Amino acid sequence: MSSYEDDEDFISKSELKREMHRFQELGEKLAALSPEKWATMPMTETLKNALQESRRVTKHEARRRHFQYIGKVMRHEDVDALQEALDLLDPSSELYGRRIRQLEQWRTRLVEDSNALNDFIDEHPAVDRQQLRNLVRNAQKEMQQEPPKPGSGYKKLFQFLKEEIAAAS
């Protein structure tokens with residue numbers, strides 16, 4: 001006497017529907033991004049083409065059906081990687097906040113600790129060392145003023161770190 005519920009791989013119809021709705025919502029968030037941002041996302045050409053097509057579809061019912069199709073396409077995508085990439089773009093997400101704090105910590109360490117430059121280079125060997133050294137030097141000069149006044153060098157260092165860490169991940 002075996003039933004569907006006893007099967008370990010059994011997924012209820014309700015669970016499948018919830019998953020499809022989640023995929024459709026994720027597809028709508030992706031469709032709202034610019035095509036330039038799509039290039040940075042870990043997705044297949046099939047999904048990119050479906051997202052491009054979503055720009056053309058404007059009628060309500062056709063749009064609803066198209067996002068159902070996008071949800072179906074997303075079954076074959078790495079949804080967790082896509083969600084993570086979206087979270088990194090969303091300032092209200094926890095992942096975005098963690099990334100910003102990490103960048104701020106690196107910037108502070110680089111400005112205050114002379115050994116931090118070598119630590120950063122060890123972690124990110126592809127970094128442009130000369131440019132990093134110049135940015136750190138400029139930020140240090142700004143912070144040595146009385147009172148310490150972070151200016152454009154401090155901001156440029158942060159931006160450089162943001163681009164480097166994003167390129168590495």
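Glu61, Arg64 and Arg65 are linked in a network of salt bridges, a salt bridge being a side-chain nitrogen of Lys or Arg within 4 Å of a carboxyl oxygen of Asp or Glu. This is a predicted model, in which local features need pLDDT of at least 70 and side-chain atom pairs count only at pLDDT 80 or more, while totals for chains, interfaces and linings use all residues. Residues are numbered from 1 along each chain as its sequence is written, and side-chain values use heavy atoms, with hydrogens and water left out.

**Exercise 1. Find the salt bridge between Arg64 and Glu61 and describe its setting.**

Step 1: The side chains of Arg64 and Glu61 meet at 2.4 Å, N to O.
Step 2: Both residues belong to helix α4 (residues 60-73), three residues apart, about one turn of the helix. Helices here are DSSP runs (H or I, at least four residues; strands are E, at least two), numbered from the N terminus.
Step 3: An α-helix has 3.6 residues a turn, so residues three or four places apart point the same way.
Step 4: Arg64 is partly exposed, with a relative accessible area of 38%, and Glu61 is partly exposed at 36%. On this scale, buried means under 20% relative accessible area, exposed over 50% and partly exposed in between (1.4 Å probe, protein chains only).

**Exercise 2. Look at the salt bridges of Glu94 with Arg98 and of Asp119 with Arg109.**

Step 1: In the Glu94 and Arg98 pair, the closest N and O atoms are 2.9 Å apart. These two residues are four apart in helix α6 (residues 94-112), about one helical turn.
Step 2: Glu94 counts as exposed at 59% relative accessibility, whereas Arg98 is partly exposed at 42%.
Step 3: Between Asp119 and Arg109 the closest N and O atoms are 2.7 Å apart. Because Asp119 lies in helix α7 (residues 116-123) and Arg109 in helix α6, this pair ties together parts that are ten residues apart in sequence.
Step 4: The total by this rule is seven salt bridges.

**Exercise 3. Which residues of α7 are buried?**

Step 1: They are Ala116, Leu117, Phe120 and Ile121.
Step 2: Viewed down the axis of α7, these buried residues fall within an arc of 140°, so they line one face of the helix. The arc is that of the directions from the helix axis to the C-beta atoms.
Step 3: Exposed Asp122 and Glu123 sit on the face of α7 turned away from its buried side.

**Exercise 4. Which residues of α3 are buried, and which helices do they pack against?**

Step 1: The buried residues of α3 are Leu47, Lys48, Ala50, Leu51 and Ser54. Down the axis of α3 they fall within an arc of 160°, so they line one face.
Step 2: They pack against α1 (13-32), α2 (35-38), α4 and α5 (79-89).

Conventions:
Contact = heavy atoms within 4.5 Å.
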